[in-house]
Amino acid sequence: MTKTYELGGVAAPPMVNGELVFDAPWQGRAFGIARGLAERGVYAWDDFRAELIEQIGAFDRGVETSGLDSNVPTPHFHYYDHFLRALETLLVARGVLASGELVERVHAFEDRPEGHDHIHSHEHDHHHHHDH
Amino acid sequence: MTEERNPAAIRAEAIESLLIEKGLMTAADVDDVVERYNERIGPLNGARVVARAWRDPAFKQALLDDGTAAIAPYEFEGGQTEKLVVVENTPRVHNVVVCTLCSCYPWAMLGLPPRWYKDPAYRSRIVREPRRVLAEFGVQLEPDVEVRVWDSSAEVRYLVLPQAPDDVAVLPEDELIARVTRDAMIGVERFV
């Protein structure tokens, strides 16, 4: 197993060399689901990767990159939106989820009142904002 | 926008809730993956390997000959290193890594990739005009330095072995490890 290594007495997390891994909690959930299902053998990671390439490729084909700076995010490119779309597409294609039930569940969640009680126990660490 | 009103956040939550109901995974399983990648799998693993290669010529040779076999004893978590190829920077050669199609990356060595690695601009431009992109990252290469661009795939993940600093023999190992940045192991930083 990997151990935690101490650098100069301070535990150095992996992100010591860079930015945070996820910009928003949902991105971590999406990654955790996609990777977790592959680890459980629901699909092979390469199958997910192929779907991700499809999703990202569709964006790439519509964007001209020659005038862009590598240090500035490409406008309208949101990696985890493509990642999530790839996950949905693969799960529906494999019959793991029915597209109808997914649409229904999304609507049900959209209709929740602001600051609702979350359904899952893992949501306890979310901060709810009521100040708007 | 609060997290709970973000359409993508809602879709991710909807998918997770359905998968949990179907018994395919639990919320704790998802937590476990996220925690692993947030806290245990990251560039510190790669930095340890690089620092050792700088000090230990036999290990360095083994790493360049067969990266996958050389790092096997470390038992790093993370996957995506089924075949790890380590490419060495020298005074005359600079290596840089990309995944032109998506975001393939040696997770076990570096964690998950940074934003710019996944960006269309980096993925296309580093192939077309590597010197210019490297300059944007602050790497100014002399004209006689050859640039090699390595395109990661499902089969092969690349890691750059940066040049050792001049004081490699006298630095304590902790400090040596701290010198090895994630960006240097991708090849968008060069400190020698």
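Predicted model: local features only at pLDDT ≥ 70, side-chain atom pairs only at ≥ 80, totals over all residues.
Me: What makes the phi of A:H76 worth a remark?

Reply: Most residues other than glycine have a negative phi. A:H76 is not a glycine, yet its phi is positive, near 65°, and its place is in the loop between α2 and α3 of chain A. In chain B, B:E75 also has a positive phi, of about 55°, although it is not a glycine. B:E75 lies in the loop between α5 (67-71) and β1 (84-88) of chain B, and it counts as exposed because it has 10 C-beta neighbours inside 10 Å.

Me: How do you know that B:E173 is exposed rather than buried?

Reply: B:E173 has 12 other C-beta atoms within 10 Å, and so B:E173 is exposed. Its place is in helix α10 (residues 173-179) of chain B, where a helix is a DSSP run of H or I with at least four residues, a strand is a run of E with at least two, and both are numbered from the N terminus.

Me: Why is α2(A) called oblique to α3(A)?

Reply: Their axes come within 8 Å and cross at roughly 130°; axes are lines fitted to C-alpha atoms, for helices over the stretch in contact, and angles run from 0 to 180 degrees between N-to-C directions. Angles under 35 degrees count as roughly parallel, over 145 as roughly antiparallel, 65 to 115 as roughly perpendicular and the rest as oblique, and therefore α2(A) is oblique to α3(A).

Me: Which residues bring α2(A) and α3(A) into contact?

Reply: Two residues are in contact if their C-beta atoms lie within 7 Å. By that rule, residues of α2(A), including A:F48, A:L52 and A:F59, meet residues of α3(A), among them A:F83, A:A86 and A:L90. The residues of this contact divide into 7 nonpolar, 3 polar and 3 charged, where Ala, Val, Leu, Ile, Met, Phe, Trp, Tyr, Cys and Pro count as nonpolar, Asp, Glu, Lys and Arg as charged, and the others, Gly among them, as polar.

Me: How do α1(A) and α3(A) pack?

Reply: They pack at an angle of about 35°, with their axes 10 Å apart. The contact is made by A:Q27, A:A30, A:I33 and A:A34 of α1(A) with A:Y80, A:F83, A:L84 and A:L87 of α3(A), and by class it has 7 nonpolar, 1 polar and no charged residues.

Me: What makes A:A30 stand out in the largest nonpolar core?

Reply: A nonpolar core is a set of buried Ala, Val, Leu, Ile, Met, Phe, Trp, Tyr and Cys residues joined through C-beta atoms within 7 Å. The largest one has 76 residues, and A:A30, A:L87 and B:V50 are those with the most contacts inside it. Not counting residues up to four places away in sequence, A:A30 touches A:Y80, A:F83, A:L84, A:L87 and B:A12.

How values were computed: Residues numbered from 1 in each chain as written. Chains lettered and ligands numbered in written order. Buried ≥ 20, exposed ≤ 12 C-beta atoms within 10 Å, placed from the backbone.
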